[in-house]
Amino acid sequence: MDVLELTRELVRLETPTGHEGPAVDCLAALLGRLGYRVVRQPVTPGRDNLYAWREPPVVVFSTHLDCVPPYVPLSEDATWLHGRGTCDAKGLAAAMVTAAEQLAAAGERRIGLLFVVGEENGSDGAQCAHELGPKGRFLINGEPTENRLSIGQKGSLKVVLECQGRAAHSGYPELGRSAIHPVLDTLERIRRIPLPTDPMLGQGTLNIGIIEGGVAPNVVAPSARAEMLFRLVGPSDELRRQVAAQAVEGVVVTFPTELPYFKNPVPAPGGWETTVVSYASDLAFHGAWGEGYQLGPGTIRVAHTSEERIGKAELLHGVDLYV
């Protein structure tokens with residue numbers, strides 16, 4: 001098994017969230033040829049999780065096959081593989097298959113391979129995967145951790161503000177009601193909420209990612225909307241209450257998506273360089289699969305960017321660490 005060639009094959013496929021099928025088909029065919037028992041689990045119409053094993057596993061390797069848009073085509077030089085999914089997380093899927101094959105060649109066949117859909121938008125695949133089996137004692141989730149064993153990660157809470165106003169000529173603003181002003185006032189109040197700190201995970205953070213509204217500068221805005229994301233370091237109940245309390249009249253607050261924070265309940269095994277990451281992942285939904293850790297080559301700092309890439313040597317070392 002050539003981890004670089006399998007990474008190339010997967011990265012050539014355009015598989016944004018919701019359209020992961022080509023990558024699932026590719027790996028299902030490959031693992032079937034290699035003699036794995038292959039199960040495809042429907043998540044939504046046309047979208048399947050993939051689970052494969054030879055013997056009931058002790059360790060399950062898992063990662064996701066969806067990518068964020070836009071597609072960045074594969075390219076490479078002597079040192080790097082460039083393109084969407086190289087580090088988040090198709091290169092890691094290739095490393096897991098390669099590691100499983102190396103272990104099988106050495107006589108260790110108690111490895112499961114779980115590849116899920118939807119991680120980049122709500123983790124619907126991971127939330128369905130608990131129904132699959134047989135499960136093992138340990139799960140290693142693949143995310144780019146720079147080949148360090150992650151023992152904790154922040155969660156995330158998406159918040160949406162929406163407001164309806166009444167359009168009017170901007171020369172006569174008293175005839176209308178701006179939807180933008182209440183949204184801006186609510187955002188300013190939310191920004192003043194003190195965010196908690198956790199000894200392991202660090203400081204909670206807020207990013208206001210989208211603000212949109214209005215139709216023209218000479219029209220009182222009839223509608224407005226904002227989206228933001230909190231990075232969680234603890235339970236979200238009190239934060240939800242505080243955010244909702246900041247809404248001024250006319251603003252509706254909703255919480256469409258939450259990915260839980262995660263901290264390993266037991267000490268990490270000895271001999272590993274460990275880290276804590278500030279992003280959320282599927283790992284928090286994989287509790288049914290046993291003791292969980294996160295590990296993978298590549299850095300999150302180039303994921304989701306036009307510069308996404310993974311070092312060839314780092315990818316090869318990632319295979320060794322999975323073994």
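Tutor: The axes are lines fitted to C-alpha atoms, for helices over the stretch in contact, with angles that run from 0 to 180 degrees between N-to-C directions. Helices (H or I, at least four residues) and strands (E, at least two) are DSSP runs, numbered from the N terminus. The model is a predicted one, in which local features need pLDDT of at least 70 and side-chain atom pairs count only at pLDDT 80 or more, while totals for chains, interfaces and linings use all residues. Residues are numbered from 1 along each chain as its sequence is written, and side-chain values use heavy atoms, with hydrogens and water left out.

Student: At what angle do the axes of H1 and H3 cross?
Tutor: Helix H1 (residues 3-11) and helix H3 (residues 90-105) cross at roughly 140°, their axes coming within 8 Å, and the pair is therefore oblique. A crossing is right-handed if the near helix is turned clockwise from the far one by less than a right angle, and left-handed if anticlockwise; that of H1 and H3 is right-handed. Contact means heavy atoms within 4.5 Å, and H1 contributes Val 3, Leu 6, Thr 7, Leu 10 and Val 11, facing residues of H3 that include Ala 94 and Val 97. For classes, Ala, Val, Leu, Ile, Met, Phe, Trp, Tyr, Cys and Pro count as nonpolar, Asp, Glu, Lys and Arg as charged, and the others, Gly among them, as polar. On that basis the contact of H1 with H3 has eight nonpolar, three polar and one charged residues.

Student: How is H1 oriented to H7?
Tutor: H1 and helix H7 (residues 312-322) pack at about 110° with axes 10 Å apart, and they are therefore roughly perpendicular to each other. The residues in contact are Val 3, Leu 4, Thr 7 and Arg 8 of H1 with Lys 312, Leu 315, Leu 316 and Val 319 of H7, a set of five nonpolar, one polar and two charged residues.

Student: In what order do the strands of the four-stranded open sheet lie?
Tutor: Two strands pair if DSSP finds at least two bridges between them. The order is S12-S13-S9-S14, with antiparallel pairing. Strand S12 (205-213) and strand S14 (251-259) are the edges, each having a single partner strand, so one side of each lacks a neighbour in the sheet. From one strand to the next the twist averages 15°. Eight bridges join S12 to strand S13 (residues 223-232), and Ile 210 has Glu 227 in S13 as its bridge partner.

Student: Which strands does helix H5 lie across?
Tutor: Helix H5 (residues 180-191) lies across strand S9 (155-164), S12, S13 and S14, at about 15° to S13. Helix H6 (residues 237-245) lies across S9, S13 and S14, at about 160° to S14.

Student: Where is Glu 146 placed?
Tutor: Glu 146 sits in the loop between strand S7 (138-141) and strand S8 (149-153), and has a positive phi of about 60° although it is not a glycine. Asn 147, in the loop between S7 and S8, has a positive phi near 65°. Buried means under 20% relative accessible area, exposed over 50%, and partly exposed in between (1.4 Å probe, protein chains only). Glu 146 is partly exposed at 35%, whereas Asn 147 is buried at 11%.

Technical notes
Angles under 35 degrees count as roughly parallel, over 145 as roughly antiparallel, 65 to 115 as roughly perpendicular and the rest as oblique.
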